[in-house]
Amino acid sequence: MPRGPRGVVGDDRPVIPVFGYVILAAGLLLAVWTGIQAARRRPTTDAQMVGAIVVEVALLVQVVIALVQIVGGHQLSEPVTFVAYSIGVPLALPLGFYLAREERTRWGSLCLCFTAVVVAVMVLRLLQLWQAPVG
Amino acid sequence: MAEHPTINQQSDAPDEAPPTGPRRILIAFYLVFAVAATARGVVQIATKFDQAPLAYTLSLISGIVYIAAAVGLITERRWSRPLAWAAVGTEMVGVIVIGLLSILDSTAFPHDTVWSRFGAGYGYVPIILPVLGSMWLWHTRPGARRDD
């Protein structure tokens with residue numbers, strides 16, 4: 001990782017943004033995957049449920065890393081909003097997961113698809129908040 | 001229309017059963033918006049209430065309306081459907097009135113609520129949602145002919 005003398009914003013802490021974009025991509029992938037499943041009028045597959053769990057675990061890891069860095073002194077322009085998003089974002093997929101398990105039809109797939117989109121949008125917003133210049 | 005038979009051995013709800021599926025996706029939508037709008041309202045009121053008291057109060061109210069709709073959809077009591085109707089109706093009026101106000105009087109009305117510009121900040125879902133909600137409530141009303 002190239003390290004500039006003064007460093008652009010985010011330069012000295014690339015872990016969160018890169019990891020965040022990976023989760024964002026994974027969330028979109030899960031949304032497309034379950035979306036196709038819903039369009040085919042099928043309930044979610046076991047592989048999709050495992051995929052949702054993997055994305056959720058990655059999310060939780062990211063949230064913990066972010067909160068640790070905030071406690072460690074990372075400055076944010078909107079700390080309250082960031083923390084609120086951090087708490088909110090891990091709630092979405094369990095909801096979709098639960099509904100997809102209860103509803104073994106295409107509507108269950110659509111529920112998981114929707115919550116995966118929500119995760120992707122919220123992760124994008126988290127990344128924006130993380131990288132927003134302080135001041 | 002006959003759905004394909006599910007081979008899944010876990011399947012305990014046959015597809016011919018009353019349509020709980022659309023209700024579940026509505027519940028997902030409403031719960032997500034309940035959390036989003038309420039949290040937004042609380043954060044705005046807690047951190048910068050003085051900047052736009054009206055808009056931020058509206059944020060919180062919209063959150064409460066979404067919570068009411070979600071409760072009305074999840075529960076199956078005597079008051080569930082009236083509650084859902086009231087919440088969906090309030091939501092429809094709210095998103096149209098706030099949407100119009102935010103466009104006609106954009107300087108006086110900060111773009112800071114879920115319903116501003118008809119919910120453009122949330123992919124226009126806030127204006128689609130009450131339509132879907134009322135369609136579902138209408139289709140599943142007691143005594144409705146079931147011809148599907």
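## Contacts of Val119(A)

Setting aside neighbours within four places in sequence, Val119(A) is in contact with Gly27(A), Val55(A), Leu59(A), Val89(A), Ala92(A) and Leu93(A). Contact means that the C-beta atoms of two residues, placed from the backbone, lie within 7 Å.

## Model and numbering

This is a predicted model: local features need pLDDT of at least 70, side-chain atom pairs count only at pLDDT 80 or more, and totals for chains, interfaces and linings use all residues. Residues are numbered from 1 along each chain as its sequence is written, while chains are lettered from A and ligands numbered from 1 in the order in which they are written.

## Largest nonpolar core

The largest nonpolar core holds 61 residues, and Val119(A) and Tyr30(B) touch the most other members. Such a core is a set of buried Ala, Val, Leu, Ile, Met, Phe, Trp, Tyr and Cys residues joined through C-beta atoms within 7 Å.

Two or more residues come from each of helix 1 (15-39), helix 2 (46-71), helix 3 (79-102) and helix 4 (106-131) of chain A, and from each of helix 1 (21-48), helix 2 (53-74) and helix 3 (80-104) of chain B. Helix 4 of chain A gives the most, with 15 residues. Helices are DSSP runs (H or I, at least four residues), numbered from the N terminus.

## Helix 2 against helix 4 in chain A

Helix 2 and helix 4 of chain A pack at an angle of about 20°, with their axes 12 Å apart. Axes are lines fitted to C-alpha atoms over the stretch in contact, and angles run from 0 to 180 degrees between N-to-C directions. The two helices of chain A are therefore roughly parallel (angles under 35 degrees). Helix 2 passes helix 4 in a left-handed crossing, with the near helix turned anticlockwise from the far one by less than a right angle.

Helix 2 contributes Gln48(A), Ala52(A), Val55(A), Leu59(A) and Ala66(A) to this contact, and helix 4 contributes Leu112(A), Val119(A) and Trp130(A). By class, the contact has 7 nonpolar, 1 polar and no charged residues. Ala, Val, Leu, Ile, Met, Phe, Trp, Tyr, Cys and Pro count as nonpolar, Asp, Glu, Lys and Arg as charged, and the others, Gly among them, as polar.

## Gln128(A)

Gln128(A) is also found in helix 4 of chain A. Gln128(A) is partly exposed, with 13 other C-beta atoms within 10 Å (buried is 20 or more, exposed 12 or fewer, partly exposed in between).

Key
Angles under 35 degrees count as roughly parallel, over 145 as roughly antiparallel, 65 to 115 as roughly perpendicular and the rest as oblique.
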